[in-house]
Amino acid sequence: MIRRVVRQSKFRHVFGQAVKNDQCYDDIRVSRVTWDSAFCAVNPKFVAIIVEASGGGAFLVLPLLKTGRIDKAYPTVCGHTGPVLDIDWCPHNDHVIASGSEDCTVMVWQIPENGLTAPLSEPVVVLEGHSKRVGIVTWHPTARNVLLSAGCDNLIIIWNVGTGDALINLEDMHPDVIFSVCWSRNGSLICTACKDKKVRVVDPRKGKIIAEKDKAHEGARPMRAIFLADGNIFTTGFSRMSERQLALWNPKNMEDPISVHEMDTSNGVLLPFYDPDTNVVYLCGKGDSSIRYFEITDEAPYVHYLNTFSSKEPQRGMGYMPKRGLDVNKCEIARFYKLHERKCEPIIMTVPRKNEVKLEELLREVKSLKDLVTLQDRRIAKLEDQVAKVAI
């Protein structure tokens, strides 16, 4: 019987690499609003970034190829009367984006083919139904023109964007602020994380909570919950001792987690980004300067740490490119758009080819042998000196 020392995985050697300076988006005044959203949304054509704006809320929409310094006078999407808190690109149309704002409205925008040439202040549709600021907007993954919004009025509304009507109102389910909402893979369920420390799984058609877990993470700071491809739920939060945690849950039995990992004592909220094709979860902490990534498998401990991409600058927000926008010929499996204080920096995650991994291992071996030879040479020189002294 062969005993494996190292767990076999195709993604053990995934590494991150920041692009060169001329491929970044410079001189962008990223929003300073105190809200734990990603502040950035990306698709294969555009990158959208929530920015500082006087007298209302605005976000930039840049064609992906428009890198370098962005002119201060570059046109923005500026129809909101309060700061923009969240943005999300439609998965079915790369020119449609939704935004939620402190002005209690959700707006849906149509971006021209080649990007903006003048400020855009007229949305395609304004969705009004929240009584407090709207902090979460997310499109349905499989049904066209269906958009979910969640506000600080503890209300979730599912909209028909085509008609501008509310299809479903989920009220009286959350007694406090909703931190995150995520659709299941086929869009039949949603999972939510709330300030009352509960994670809920909701069937929006029936308007029923079908599973919930009290004190999924015992800390008071914000939690995040996302659905995985197999229907399990992945959460990030804080322990009672303010340590950051991640956990895996089975919604059919939420008494005990499948797996819990303690991470560190930083106070930045962990934003999870999930790739269903590779089953890898990337965790980006607000205010951190690193991206940690984990592989989810069927074998214990179920959540396997892979690696960390580290840089010098802390991140203010993060955009995640959908798989169809990646360069698979270069073995790219994920691409992030990291927001600094005044720029946006793409970070590319790559699986090295087998021969590259082998080459790296050989080079490491050569280096260690060279170090050993150098050490031996020094020892020989020392012994020769001692022999010479004794001979005299």
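**From one lysine outward**

Mentor: Start at Lys-215. Lys-215 is partly exposed, because its relative accessible area is 47%. Buried would need under 20%, and exposed would need over 50%. Keep in mind that this is a predicted model. Lys-215 sits in the loop between E19 and E20. Now pick out Ser-188, 27 residues away along the chain. The C-alpha atoms of Lys-215 and Ser-188 are separated by 25 Å.

E19 covers residues 208-213 and holds Glu-212. The side chain of Glu-212 meets that of Arg-200 in a salt bridge, with 3.6 Å from N to O. Arg-200 belongs to strand E18, residues 199-203. The two partners are 12 residues apart, and the pair links distant parts of the chain. Their surroundings differ in cover. Arg-200 is buried, since its relative accessible area is 3%. Glu-212, with 40%, is partly exposed.

E20 opens a four-stranded sheet in the order E20-E21-E22-E23. The sheet is open and its pairing is antiparallel. Strands of a sheet pair through backbone hydrogen bonds. E20 (224-227) and E23 (259-262) are the edge strands. Each has a single partner strand, so one side of each is left without a neighbour in the sheet. On average, neighbouring strands here are turned by 15° against each other, direction ignored. Look at the pairing of E20 with E21, residues 233-238. Four bridges join E20 and E21 in the antiparallel sense. At one of the paired positions, Phe-227 has Ile-233 in E21 as its bridge partner.

E10, residues 105-110, pairs with E11 over four bridges, in the antiparallel sense. Val-108 stands opposite Val-125 in E11.

Arg-133 and Glu-102 meet through their side chains in a salt bridge, 3.2 Å from N to O. Arg-133 is in the loop between E11 and E12 (134-139), and Glu-102 is in the loop between E9 (96-101) and E10, so the pair ties together parts 31 residues apart in sequence. Arg-133 is partly exposed, with a relative accessible area of 26%. Glu-102 is also partly exposed, at 31%.

How many salt bridges does a search of the whole structure find? It finds 20. Side chains of opposite charge can pair when their charged atoms come close. One of these bridges joins Glu-341 and Arg-32, whose closest N and O atoms are 2.7 Å apart. Glu-341 lies in the loop between E29 (332-339) and E30 (343-350), while Arg-32 lies in the loop between E2 (25-26) and E3 (40-42), so the bridge ties together parts that are 309 residues apart in sequence. Glu-341 is partly exposed, with a relative accessible area of 46%. Arg-32 counts as exposed, because its relative accessibility is 53%. There is also a network of salt bridges that links Asp-27, Arg-69, Lys-72 and Arg-342.

Last, step back to the whole chain. It is divided into domain 1 (15-357) and domain 2 (358-391). Taken over C-alpha atoms, 52 Å separate the two domain centres. Helix H1 spans residues 354-391, and Leu-375 has its place there. Leu-375 is partly exposed, at 38% relative accessibility. Leu-369, Leu-372 and Leu-375 make a nonpolar surface patch of about 270 Å².

Conventions
Residues are numbered from 1 along each chain as its sequence is written. This is a predicted model: local features need pLDDT of at least 70, side-chain atom pairs count only at pLDDT 80 or more; totals for chains, interfaces and linings use all residues. Side-chain values use heavy atoms; hydrogens and water are left out. Two strands pair if DSSP finds at least two bridges between them. Helices (H or I, at least four residues) and strands (E, at least two) are DSSP runs, numbered from the N terminus. Axes are lines fitted to C-alpha atoms, for helices over the stretch in contact, and angles run from 0 to 180 degrees between N-to-C directions. Patches are made of residues with over 30% relative accessible area and no salt bridge: like charges are joined within 9 Å, nonpolar side chains (Val, Leu, Ile, Met, Phe, Trp, Tyr) within 5 Å. Accessible areas come from the Shrake-Rupley method with a 1.4 Å probe; for residues, only the protein chains shown count as cover. A salt bridge is a side-chain nitrogen of Lys or Arg within 4 Å of a carboxyl oxygen of Asp or Glu. Buried means under 20% relative accessible area, exposed over 50%, partly exposed in between (1.4 Å probe, protein chains only). Domain bounds come from an automatic or database domain assignment.
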